Number of protein chains: 2
Amino acid sequence: MPILSGQMMQMPLSISSLLRHAARHAGDVEVVSRRVEGDLHRTTYVEVERRARQVAQALARLGCALGERVGTLAWNGHRHLELFYGISGSGRVCHTINPRLHAEQIAWIINHAQDRVLCFDLTFLPLVEQLAPQIPSVAHWVLMTDRGHMPASSSLESLLCYEELLAAEDGHWAWPEFDENTASGLCYTSGTTGMPKGVLYSHRSTVLHALGQVSVDAMGIGSRDVVLPVTPMFHVNAWGVPFAAPMVGAKLVFPGPRLDGASLHELMESERVTFTAGVPTVWLGLITHMKKLGLSFSTLRRTVIGGAACPPAMMRTLEDDFGLEVIHAWGMTETSPLGTLAHLKAKHASLDAEARRLLQQKQGKVIYGVDLTIVDANDQPLPWDGRTAGQLLVRGHWVVDRYLGAAKNGSDSPHVDVAGERWFPTGDVATIDADGYMQITDRSKDVIKSGGEWISSIVLENIAMAHPAVHEAAAIACHHPKWDERPLLIVVCKPGAEPSAQELLRFFDGKVAAWQVPDDVVFVDELPHTATGKLLKMALRDTYRDHRLPGV
Amino acid sequence: MPILSGQMMQMPLSISSLLRHAARHAGDVEVVSRRVEGDLHRTTYVEVERRARQVAQALARLGCALGERVGTLAWNGHRHLELFYGISGSGRVCHTINPRLHAEQIAWIINHAQDRVLCFDLTFLPLVEQLAPQIPSVAHWVLMTDRGHMPASSSLESLLCYEELLAAEDGHWAWPEFDENTASGLCYTSGTTGMPKGVLYSHRSTVLHALGQVSVDAMGIGSRDVVLPVTPMFHVNAWGVPFAAPMVGAKLVFPGPRLDGASLHELMESERVTFTAGVPTVWLGLITHMKKLGLSFSTLRRTVIGGAACPPAMMRTLEDDFGLEVIHAWGMTETSPLGTLAHLKAKHASLDAEARRLLQQKQGKVIYGVDLTIVDANDQPLPWDGRTAGQLLVRGHWVVDRYLGAAKNGSDSPHVDVAGERWFPTGDVATIDADGYMQITDRSKDVIKSGGEWISSIVLENIAMAHPAVHEAAAIACHHPKWDERPLLIVVCKPGAEPSAQELLRFFDGKVAAWQVPDDVVFVDELPHTATGKLLKMALRDTYRDHRLPGV
């Protein structure tokens, strides 16, 4: 109890309040979804809110208790949005599952989360039928479609139809009020190493994140925006956009399963999208498509790019050729995900274009609500000079305290104490400059340790990606008898391009110190990615660790 | 306790975290103050944060306990900002006192609040010397200046010098962590009727208000803005700007005591101000000055106008002649103060200029975090049709629950229960349209009740203000033997203009129903205002209640 309490109204920060606000004050604003069934579906916030209440009623009727987990395997669409609110808003936990993971990993996650109900798009019916025998906690299977699209038969016992479940409810149900620290959502890290770990969001953390997210120095989303989240809702809740858009009453456009360049461009144009957010790999496809057909954007103005470092060449293309404001951002499942964003400050207005660009290529500065620091191997803070690299730590209202099932201070939930404050170690290596701009120099595990010196794999990749013949590149550590590790470049060329290894390596001259230039280049047809579109360097290291370097 | 708790970091929403954020991530951003001493003072967020820690140390040294109130009688300036954070951030309550109130009212307020320490600008030394014998709770008197400006003698016992107090502290002090519902600030309503009532803000309500305030559909303040709060810090904390600007790292410019048109314009130009917020009366002075000298704004882009309805003619002048985006807003001490803002929605893009203008002249729509409704005399909700007027109720994270010293459900702290939810009755009469745009038609007590029908005094005033000869106008109820009340117009003409009463009344033809046209006009040299710049219609009613209307 405070010594003296303020006397303002007390109401919990609740996820349902976001949708209630949208329904009351932006009720006719559209939510447009390209669906698995093939149609373009249109609804409004009033309708979404009513149907979310029906979802809550249906879950109660199924016997799903408060606090229980409801899993989703679904694309970005209005039904997934209704589930987000119906599940969390009623006091249950919305567990978004990444369908791009291996089946065994999905089964492991569902068992770890102990999902009671599983809701899934038509796309994932075969997957769920395959998984069913391994996930005994699931008592109800809900296919997110209408009666007309239900399969004639299924190996799943008493497969339920989402639209029928909703139609059986009258919507006469009021959103309950409960403690704002109640668990609301669950998302597992993609797990490039070890088993996936669950991050259990709360109503409070989710609403505070949304408040920070819509601010001018974050995504700057307002009621006049039309927002298309390319990032899947199973990837850190589409970076929070399904919470931020109703908060400000912005129109939402969901791309469903079609994330290819042509489909995305068509949808952005037809729905007059002004803002989007996604990973660099999605932009690769979109840029290729648009360049090929000579297309442009009529309404799109801003995009946040994160999930992986945005190659500078891509940033230039989007800004110079397509007129977008590109906001480079950094975050992770453990940070909800924002993070930092590379907005410029007022003091930077006088910088020349190149200097501004260099700043924008950093991961950026925090918004209020999160803080960061860098420390050395002994957890001592390092200077913010833009040069000294250290382990990146983060803390804040929407940063994970500990993973699901981990003890508060257990070894299974890493944390670092600095000057009495608890920080989460990101696993990234970064610099911070005097203005607070953070730049990731590498993942701790991806950095190439050559003769005791560190070489950033990301720096090498960005240089390679700027070469006109290179479509995608990875730099990994390769074993070396003298230097311990030396950088190896693995390259996917653009169609028709056939550069030599020498030509690519000469491209590094003057861009990095001579000893940082990769020792060799391997050409491949494609690079392995994680389920969330990130380069899977662990797999590359497994394959190429003992690649014979020239001169060895 | 929640059924299942989220596992995110838990840290209180604290006022000190706003300034810590600014010092860490926007440390070199300037805070510029025109001071009572006459100079233009420049400092930075790093310095403000350090000095705020010294304020906290000094308060502890004075024996001011946690939870105790520290009163301020001060203009907008860096020392007042340091006090905001040093007082609240250390767990004490910052009580901003309106120096424009009558001395007896100020003494009443200080006694009601039981202020332990009183900090005041040089301007207010004579006032405080006069008040001192009547305010026994005050143990320490702090003059907010340096040694060079201290008076040779004062009737105040052991008058302290602010700069000396700070200089005695080393700043080695860490911001404490405490319950976010702790009281942080205290502001009394201006009290046009009855005794002033205290609104006791909390850290949580203040930080959530700031988060809402910076969003695009509210003030849209970002790190690149230069913000000049014209609204005094003793009036609802300058509408929260001293919390919002550090939250986003925006440069702050404080005008001190000089709020005349010439001083404000010069400061806005020299400091490259991009955003400001103030009441209509301040703009009257600024517009007059600028028109007289043919001035314009080089950097100012947006302004929020609230505190009283912005006359449509003023809005047109600011937009058409000075190129500003005028954001009409509504709020009150009891709502921290936002409230509503008259931003347009995406759907309004196709409206013509006049239709857009009509919408912008409404008080606007709520931002997430507050909600509103209108009810009839039996507390039954009324339709949102833009025509039906009812008592305006409000609720939200930063809305008062009850006044200082009032019992939770006492008659001294009004509230209305609607469908099980607690609402605060604003005392305003308003309509809400289908899009959620609220328009105040009158204060409950200002509405003119003619033959059982209501006539909005504000509608009449806005029409009168649009007449080229009118500088300011008030419409009040005048006693009438048949109709009970009839409208009387009281007018201040522009210099040199001498319109007849008939000419002014003819100006209403076709703009309102014939029975709503005022019965008479009284010409005066000036109108009485409250300490916060609002028309003091109660005083006008006292004077003119029995004015003899023509034909009576």
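Helix H3 of chain A is mostly covered: twelve of its twelve residues are buried, where buried means under 20% relative accessible area, exposed over 50% and partly exposed in between, with a 1.4 Å probe and protein chains only. Among these buried residues are A:His78, A:Leu81, A:Phe84, A:Tyr85 and A:Gly89. The helix name comes from DSSP runs, with helices (H or I) of at least four residues and strands (E) of at least two, numbered from the N terminus. This is a predicted model, in which local features need pLDDT of at least 70 and side-chain atom pairs count only at pLDDT 80 or more, while totals for chains, interfaces and linings use all residues. Residues are numbered from 1 along each chain as its sequence is written, chains are lettered from A and ligands numbered from 1 in the order in which they are written, and side-chain values use heavy atoms, leaving out hydrogens and water.

Over in chain B, nine strands make up an open sheet with mixed pairing, in the order E2-E1-E11-E10-E12-E13-E14-E15-E16. Strands E2 (40-44) and E16 (365-366) sit at the edges with a single partner strand each, so one side of each has no neighbour in the sheet. Two strands pair if DSSP finds at least two bridges between them; E1 (residues 30-34) and E11 (residues 251-254) of chain B run parallel and are joined by three. Here B:Val31 faces B:Leu252 of E11(B).

Now for the rings. Over all chains there are 16 aromatic pairs, counted when ring centres of Phe, Tyr and Trp (its six-membered ring) lie within 6.5 Å, with planes under 30 degrees apart called stacked, over 60 edge-to-face and the rest tilted. A:Trp173 and A:Trp175 are edge-to-face, at 5.1 Å centre to centre and 80 degrees between the planes. A:Trp173 is partly exposed at 26% relative accessible area, whereas A:Trp175, at 12%, is buried. In chain B, the planes of B:Trp75 and B:Phe124 meet at 40 degrees with centres 5.2 Å apart, so this pair is tilted. Both residues lie in loops, so the pair ties together parts 49 residues apart in sequence. B:Trp75 and B:Phe124 are both buried.
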